[in-house]
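Good morning. I have a few minutes on one structure, so please look at the screen while I talk.

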Amino acid sequence: MELFKIIFALKSIGIQGITHAVINSIYRSIIDKKYAMKNTNNEKIYPGKRKNVNPISCGLKVVFSNAEVEIIFLSNDLIRITWQPGSLPLPFTLDDNHWQSQSLQIEVSTDGEIISCGDIAVKIDQDGSITIHDIQKTTLRKDLPPFRIGECWSIITQLKPEEHIYGLGERASTLNLRPGEYQSWNTDIGGSYSSGTDPLYMGTPIYLSLSSSGYHLLYFENSFKSRFSIHDDFTASFEGGALRYYIIFGPLEKIFNNFSHLTGFAYFPPKWALGYHQSRWGYQSEKEILEIVEGFKKHHLPISAIHLDIDYMDRYKVFTIDPDKFPHFKNMAEQLDHESIKIVASINPAVKQDNHFKLYQEGKSKDLFCKTANGEIVKGVSWPGRSVYPDFLNLTTRAWWADQYKQLLDVGISGFWQDMNEPASFAAWGDPTLPITTLHSINGEKRSHLEIHNLYGYLMNKAAFEGVSNDSTKRPWIFSRSGWAGLQKYAWNWTGDIDSTWKSLRQTVSTILGLSLSGHAFSGVDIGGFSGSPDAELYLRWFQLATFLPLFRTHSSLNTKRREPWIFGEAITNILRDFLKLRYKLLPYLYTSVWQTCQSGIPFIRPLFWEDPQDNSLWDIDDEFLLGDNVIIVPVLTPGESKRKVVLPPGKWFSYWDDHPYIGKLYMDMDISMEMIPIFIRNGSILPIEEDGGMSFHVYANINAKSMNNMYWDSGDGYGDFRLDTYQLEVDSELTKITCESKGAYRPPFLEFNIIVHGTNFTQASVDGRSIKILDNSVIVPPFQELILSK
Ligand code: GLC
């Protein structure tokens, strides 16, 4: 253990915790030694000689002397390849298993077979290598024959010299992961990490490839511990299971839509989740929580949620509340709810091993915990000390766990923060998780921890989502540290215990973009970093970045300096307040964009290359991003600067601050200040903003443009009526015309809107044929079908 970790451990778990961690490491080694299976076979086994070829529904099966492969077109741009032997994946991560059957052409020749569907053809060579090309015979991807060593499949994909690789879940790496070595083995990094740490909490094996011949997304549906080595080639190795992967081709929008059909669309959260959240490990009591909320009021800082870290529990026993520290929990929750502030509580999977603890007794008597091969309950160590771990693979355990959320919902907790679910088990040395020989059960059948470990957090979230969804009046809101492919169906996530440095602030942008490109559309970071004490400037810059991330939360470790937004003095508080207000002003845009992501699968936060993926000069830009369809955010990521390099993708963009127009593609240096980070709005867009108690639509247009802009409305929670207004904007040299079509029965709370035009001055306006007054280049209109502005 490095010195930092020892100090961190001492401060956070104390001597007794460290003693437990030492005992745990010894226990783990004993258990693993006792049940380990010896694998002495190091021989590489290739598919061997091709024996026969059989057409199967939507594809082909080729049998080799040592292996067989099944190639199936699930749609004309989504291919599934499965090499066996090896057990097939458990189907938990998938959503849609009902793909339409495709019409295929199959050519069989002596040097291999070609199956084609639409524009894509897959060729399987005699040796088992697989080449995919398009209709012009351009090679899109080539996999060399995979091989097995013991139970472990490996596959090498040839990469093009210019090919870029993104994603693989949560990575503290550059946005383009090439070159690099990565592992997928969800890991609690023990209190602090920075750039370069790998693996982290959620290493989803999904990546996006960009090359001059096109784009594709790949999902390895294999949850075993895995390694990815990305250099001249891309080598992926899995410690067990069949080698199954999906490849999705097409334009980026289509790829992400298809991927969401495969692994599930993100659930639509309640609107309050998009507000500001305040958290700190160490808020000890009801009294302290109410004081914090008072602080927000006193400083006129809006807030939507306050988080309770493990301190609210009775001796860290999950699903309990300490009655001494929180004597009137329900009253407190009601009072806060009255002020539109929600409570979010930390939930950990580790259940204290304590014969007086009801949850433990119940889980034990119902046989719901993870076990060793001879049926003993596996032990680990977490915040409550010696603990046991629910076996979330078991349906009965999930149903039981799902039921537990009710008691917390009943006392007024609205959101759940699912932590330590890699699962984490403190270890003085060795892997800080359960013994590798732990077994999990599904329908009476046993599965190894090597396979289930990476799914553990995912399955815990599945249980939580099912439990919290039982309330038919409110939408669930859950965020999680660990998870796997498809987590978006159940939970958001955050990037865990990052350290409080400028380097980590910079890292955050790539990490969150990588998560987005792995299907995890909604994530966030601890503002200011978790493990240290940022100075005012670092905290401010981090806060400004997070203003535009899905999860907008300040959180920090025990023993760090306080960082409520008024701690750094009035000058900083004033700027933080402006950014908080900006976030709340933007809520109609953010909520609509979130809704669009949940409908389409298109990421909410996108790298700049999204604008023009053929332009390889945009492929490495990892310090700016797109927020929804129409906004570019350029966070300031270095200290003491008065200028910031900015890249604008093709098109016309307006500065949010002064409406100055810029034509991309453009590289420039921009003046910045503590009060300002560059923000750009796309020409031709309509930005819905809630301000001064009313609703405004800011129209940015001064050259020819045609666009479609949505505005989604509902009550912000629950499953009632909605309304979708779709505005078509057409701009030419004389006129700007906006037409609106509406769907849905929800009645927006505004009877009129302010339409503010940026970039062009108008002298005349008419709404639905009736002329109206223009004041300061803006008009006040009722809901309309057609608005015409002319010069
Ligand atoms: C873990 C979490 C952190 C939390 C702490 C105590 O380190 O990542 O956010 O504050 O546990 O619960």
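Predicted model: local features only at pLDDT ≥ 70, side-chain atom pairs only at ≥ 80, totals over all residues.

Let us begin with the inside. The count comes to 8 cavities of 30 Å³ or more. I will take two of them.

The largest cavity holds about 90 Å³ of space. Its lining is made of 14 residues, and the closest to its centre are Ser260, Gln488, Gly519, Ala521 and Gly601. Which helix gives the largest share of that lining? Helix H2, residues 252-263, does, with 3 residues. By type, the lining of the largest cavity has 6 nonpolar residues, 8 polar ones and no charged ones. Keep in mind that Gly is counted among the polar residues here.

Next, the second largest cavity, with about 70 Å³ of space. Its lining includes Pro89, Leu90, Phe92 and Thr93. Also in that lining are Tyr219, Glu221, Asn222 and Ser223, along with Glu451, Leu455 and Trp484. How do these residues divide by type? There are 6 nonpolar, 3 polar and 2 charged residues in the lining of the second largest cavity.

Ile6, Leu10 and Ile15 make a nonpolar surface patch of about 270 Å². Leu10 sits in helix H1, which covers residues 3-35.

Terms used. Residues numbered from 1 in each chain as written. Heavy atoms only, no water. 1 Å grid on protein atoms, 1.4 Å probe; cavity = no way out; pocket = protein on both sides within 12 Å on 5 of 7 lines; lining within 4 Å. Points joined across faces, edges and corners; volume = space filled by probe spheres on them. Helix = DSSP H or I, 4+ residues; strand = E, 2+ residues; numbered from the N terminus. Patch = residues over 30% accessible without salt bridge, like charges linked within 9 Å, V, L, I, M, F, W, Y side chains within 5 Å. Areas by Shrake-Rupley, 256 points an atom, 1.4 Å probe, with all protein chains shown as cover. Salt bridge = Lys/Arg side-chain N within 4 Å of Asp/Glu carboxyl O.
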